[in-house]
Structure formats: structure tokens, C-alpha cells
Amino acid sequence: MRETLQIPESLVRLLRAAHTVVAFTGAGISAESGVPTFRDAQTGLWARYDPRDLATPQAFMRNPKLVWDWYEWRRSLVEQAQPNPGHRALAVMEGLVPEMAVVTQNVDGLHQRAGSQRVIELHGRLGRYRCFDCGRPVRREEAAPPGPEGVPRCPHCGGLIRPDVVWFNEPLPQDALEQASAWMRKADVVLIVGTSAQVWPAAGLPLEAKRAGAVLVEVNPQPSQLAPVVDFALRGPAGQWLPALVTATWPEAASAFA
Ligand code: BV8
Ligand code: ZN
């Protein structure tokens, strides 16, 4: 029998009284779906690469096929993955609070597949592509055949196509960042789930919420860089603690996890 996860009564009261809830998520919420986090050693043929050396425009210019293949590998991992109870708990919560948004650093689309309606993707999305040169969105099926670099090309200008994700040293999509910031400033409770909070400017968003008076709750087996400023820490896997949090706060929703 799994030990019952004790949710502090004060947190239950705060969540029940909350009007606006924001979930700020990172790779850790998808770990229980079998999608490796950035901090985990990468598996198989990618074990010898540090993601931060691959997720840059410089890496793509230096070796387009290596970066392309790495993203295609991750895209196949994600397509085989299923949302886990952590993703589903956030989707259930969205129907139980007056208003809620998920602000995610993840590019795996698992929040949407779990049923979350309002998801703000700060770092783009696997499986979506754009031209490295002219920037136009390019659907995989309309891409021109690969050139000598072994990467499909843009049907408009012949440039290389690339995953539509935000690489290091690239700006975040302005509209996503502004929407995320607006949600953080009006949040009553922010759930910080599965992120080491080392990547900026995303990691600064929960601090905006705190400055505006939000209560911060961290759900993570390890303390993140935001641990010193959170009000509650649920030290364990999101796949266990988020369902426990929803069930403790809204007992009528328990059937969602039966
Ligand atoms: C930019 C998409 C400027 C691609 C990603 C200020 C200070 C310091 C540095 C900077 C700064 N401002 C900018 C920088 C540089 C850089 C940066 O932040 N560097 C860091 C490394 C120091 N930032 C940038 O380059 C950003 N761009 O600022 O541009 C600019 C402006 C104008 C014009 C030109 C330029 C762009 C950053 C975005 C990079 N793209 N992803 C892809 O996916 O391939 S980042 C990528 O890594 C993820 O999206 C994510 O954001 C990050 C990984 O972080 P996490 O999600 O937190 O995952 P991680 O593995 O780290 O941690 C997992 C956590 O889960 C752990 O805590 C673990 O304990 C926990 N966990 C594990 N299992 C579970 C669990 N939790 C719950 N349940 C479990 N079961
Ligand atoms: Zn193009």
C-alpha cells in the first residue's frame, strides 16, 4: 500500500479558495512518461551529448544532420509516450478552479494530450518545423527533399528546415512570454512542477508571481533553484503528488484517478 501523501491543510484551503491557478512545468513532469529530462544522462546513442551543446543555432549550423537526428529521436520518443497522472491531474484541476493556465518549458505536447485546454508553450514544440533561413513555417510533408547535409529543405527558399523550438541564445516567442507574465501577475497559486528552474527568462516567471502576492508550491523530488522562495514543497514525483493534491482539495474529483 503506498503511504498516503499528506497534503498540508493550509495548502488545501488556499487552493480551494484560489481564483487563478498557474502551473509552471518543466521536463520533470514528463519523466514518468518515459521522456528523459535534460538533467538525466541521455540514453543510447545520445548518451555522449550534452543537450545544451545540441540545442543551439551554432550546433545546427556546424552539424545540421546531428541536431536534426537528435530532434527526430526525441520526437519519436514523445510520440510513443503517454501523458501520466501528473499531466492528467493538471487537466482535471483546470475544470475545478475558476481559471487556470499551464505555462510549460516542455516541447512534448503532453499537457494538451492529457486534456489541458490553456497551455502556453514558452520554448516551442517538437513536430512543428520552420525554415532556418526565411523563417516560414514548413509542414513536414511539404518539405523539399534533403540536400547534401541530409536535412529536408524549405519549399519556398531552399533553406534548411529546423524544429520550431527555442534554442539557447534565441529569444522566446514574445506573445507566449507576455501571456505567461500576465498569468503569473494575476495568479493566486503557482504550482512549480518538475523544473530545475535554471533556464532563463522562464525561471524568472514564478518570481513575478511571488512579487504580485502569489503562493508558490514546488512539486519535485529535488529542490530547484526556486526552492528558497516557495511557500510549500511537495518533495516527490509529480505523478503521485499532483493527483494527491487534487484529491485532497476536491474529494469529489477522486473518481478522475480511480
Ligand atoms: C535567451 C527547447 C536571449 C529546446 C530549451 C540569465 C541568467 C543566466 C543565463 C541566461 C539568462 N538569460 C539568458 C540566459 C542564457 C540561457 C540560459 O538560461 N542558460 C542557462 C543554462 C543558464 N537562456 C537562453 O538562452 C534563452 N534565450 O535568453 O535569449 C536573447 C534575447 C533576444 C535576442 C537574442 C537572444 C533560451 C532558453 C530556452 C532554451 N530551450 N528547450 C529543446 O527542448 O531542445 S531549454 C530546455 O532546458 C527546456 O525547455 C527547459 O527549459 C530546460 C530544462 O530545464 P527543466 O525543464 O527544468 O528540466 P531539467 O532536466 O533541468 O530538470 C528536471 C527537473 O525535474 C529536476 O529538478 C528534477 O528534480 C525534476 N524531476 C525529475 N523527475 C521528476 C521531477 N519532478 C517531478 N516529478 C518527477 N517525476
Ligand atoms: Zn525558407
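**Ligand 1 and its shell**

Around ligand 1, the shell holds 20 nonpolar, 12 polar and 4 charged residues. The model is predicted.

Reader: Which residues come nearest to ligand 1?
Author: Tyr71, Arg74, Val166, Asn169 and Ser196 do, out of 36 residues around the ligand.

Reader: What about the backbones of Ala27 and Gln105?
Author: A polar backbone atom of Ala27 is 2.8 Å from a ligand oxygen. For a backbone N or O atom of Gln105, the distance to an oxygen of ligand 1 is 2.8 Å. Against the cut-off of 3.5 Å, both pairs therefore count.

Reader: How much of ligand 1 does the protein bury?
Author: The protein buries 75% of the 1500 Å² that ligand 1 exposes when taken alone.

Reader: Which pocket does ligand 1 take up?
Author: The largest pocket.

Reader: Which domains supply the shell?
Author: Domain 1 (1-35 + 83-123 + 172-258) and domain 2 (37-80 + 127-165) each give at least three residues.

Reader: What makes you say that domain 1 and domain 2 are in contact?
Author: Contact means heavy atoms within 4.5 Å. By that cut-off, 11 residues of domain 1 touch 8 residues of domain 2. Their C-alpha centres lie 29 Å apart.

Notes: Residues are numbered from 1 along each chain as its sequence is written. Chains are lettered from A and ligands numbered from 1 in the order in which they are written. This is a predicted model: local features need pLDDT of at least 70, side-chain atom pairs count only at pLDDT 80 or more; totals for chains, interfaces and linings use all residues. Side-chain values use heavy atoms; hydrogens and water are left out. A residue is near a molecule or strand if one of its heavy atoms lies within 4 Å of it. A polar contact is a pair of N or O atoms within 3.5 Å; within protein, one must be able to donate a hydrogen and the other to accept it, and residues adjacent in sequence count only if both atoms are side-chain atoms. Accessible areas come from the Shrake-Rupley method with a 1.4 Å probe; for residues, only the protein chains shown count as cover. On a 1 Å grid over the protein atoms alone, a cavity is a set of points where a 1.4 Å probe fits but cannot get out, and a pocket is an open set with protein on both sides within 12 Å along at least five of seven lines; lining residues have an atom within 4 Å of a point. A molecule sits in a cavity or pocket if more than half of its atoms lie within 2 Å of its grid points. Ala, Val, Leu, Ile, Met, Phe, Trp, Tyr, Cys and Pro count as nonpolar, Asp, Glu, Lys and Arg as charged, and the others, Gly among them, as polar. Domain bounds come from an automatic or database domain assignment.
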